[in-house]
Amino acid sequence: MGAVKIKICGLYRGEDIEAVNRYQPDYAGFVFYPPSHRYVSKSQMQVWREQLDSRIPAVGVFVDLPEQEVADYWKEGLIQVLQLHGHENEEYIGNLRKLAPGCEIWKAFRIRTAADLAVAQQSSADCILLDNGYGTGQCFDWKLMEDNRIERPFLLAGGLRAENIREAIQSFQPWGLDVSSGAETDKKKDPEKIRSIIETVRN
């Protein structure tokens, strides 16, 4: 297995950009979903992309937006990876590929049962993200992955923090880890937690 990728998601302040520039995760995630306290507007993203180290791909998190609107973020160079977190189906992904040819597409799935894992594995997305429920800060039942082997690259999300990342990597060999609330203190990104998480993954 190659080195596990690490994505720090939900960046929305200048201090967050400074922290990821310093500690260099593999991906930086930005949430374009207004109900989230981590929401970033398109105009603000133009500022953050300028400030973000050019070596760190920006991942845009979208929830049920029109395909063209999502593709425009990529066409305008604001993000390099599209991450879908809503009810986007195979037709949607196909349409998005036509609008953003060559762009990497990730699709998140809320995992509650073995059937959810089976559905996720059939996705035509480039990578699937297995989550507890989008922003809950809790792990889903990892025993489901013990009993149902994942046969394709996936990102593990939901409830990840420095204390359980080692177990997640050793137990499930994910392609990548997506960390948001686990890198925060009082709903704000904590540079020390970001450092600790990245060091744990890399070591």
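Reader: Is tyrosine 27 buried, exposed or partly exposed, and at what relative accessibility?

Author: Buried means under 20% relative accessible area, exposed means over 50%, and partly exposed lies in between (1.4 Å probe, protein chains only). Tyrosine 27 has 10% relative accessibility, so this residue counts as buried. Tryptophan 175, at 26%, counts as partly exposed. Before we go on: this is a predicted model, where local features need pLDDT of at least 70, side-chain atom pairs count only at pLDDT 80 or more, and totals for chains, interfaces and linings use all residues. Residues are numbered from 1 along each chain as its sequence is written, and side-chain values use heavy atoms, with hydrogens and water left out.

Reader: How many aromatic pairs does a search of the whole structure find?

Author: A pair of aromatic rings is described by the distance of the centres and the angle of the planes. Rings of Phe, Tyr and Trp (its six-membered ring) pair if their centres lie within 6.5 Å; planes under 30 degrees apart count as stacked, over 60 as edge-to-face and the rest as tilted. The search finds six such pairs. In one of them, tyrosine 27 and tryptophan 175 have ring centres 6.1 Å apart and planes at 50°, so the pair is tilted. Ring pairs also link Tyr27, Trp106 and Trp175 into a cluster.

Reader: What kind of pair do phenylalanine 32 and tyrosine 73 form?

Author: Theirs is a tilted pair, with 4.5 Å from centre to centre and 40° between the planes. Both phenylalanine 32 and tyrosine 73 are buried.

Reader: Which residue lies over the face of tyrosine 73?

Author: A charge sits over a ring if NZ of Lys or CZ of Arg is within 6 Å of the ring centre and within 35 degrees of the ring normal. Here lysine 42 lies over the face of tyrosine 73, 4.9 Å from the ring centre. Lysine 107 lies over phenylalanine 109 in this way, at 5.1 Å.

Reader: Now a helix, please. Which residues of helix 4 are buried?

Author: An α-helix has 3.6 residues a turn, so residues three or four places apart point the same way. Helices (H or I, at least four residues) and strands (E, at least two) are DSSP runs, numbered from the N terminus. In helix 4 (residues 90-99), the buried residues are Tyr92, Ile93 and Leu96. They cover an arc of only 95° around the axis (taken from the directions from the helix axis to the C-beta atoms), which puts them on the same side of helix 4.

Reader: Which residues are exposed on the other side of helix 4?

Author: Glu91 and Lys98 are exposed there.
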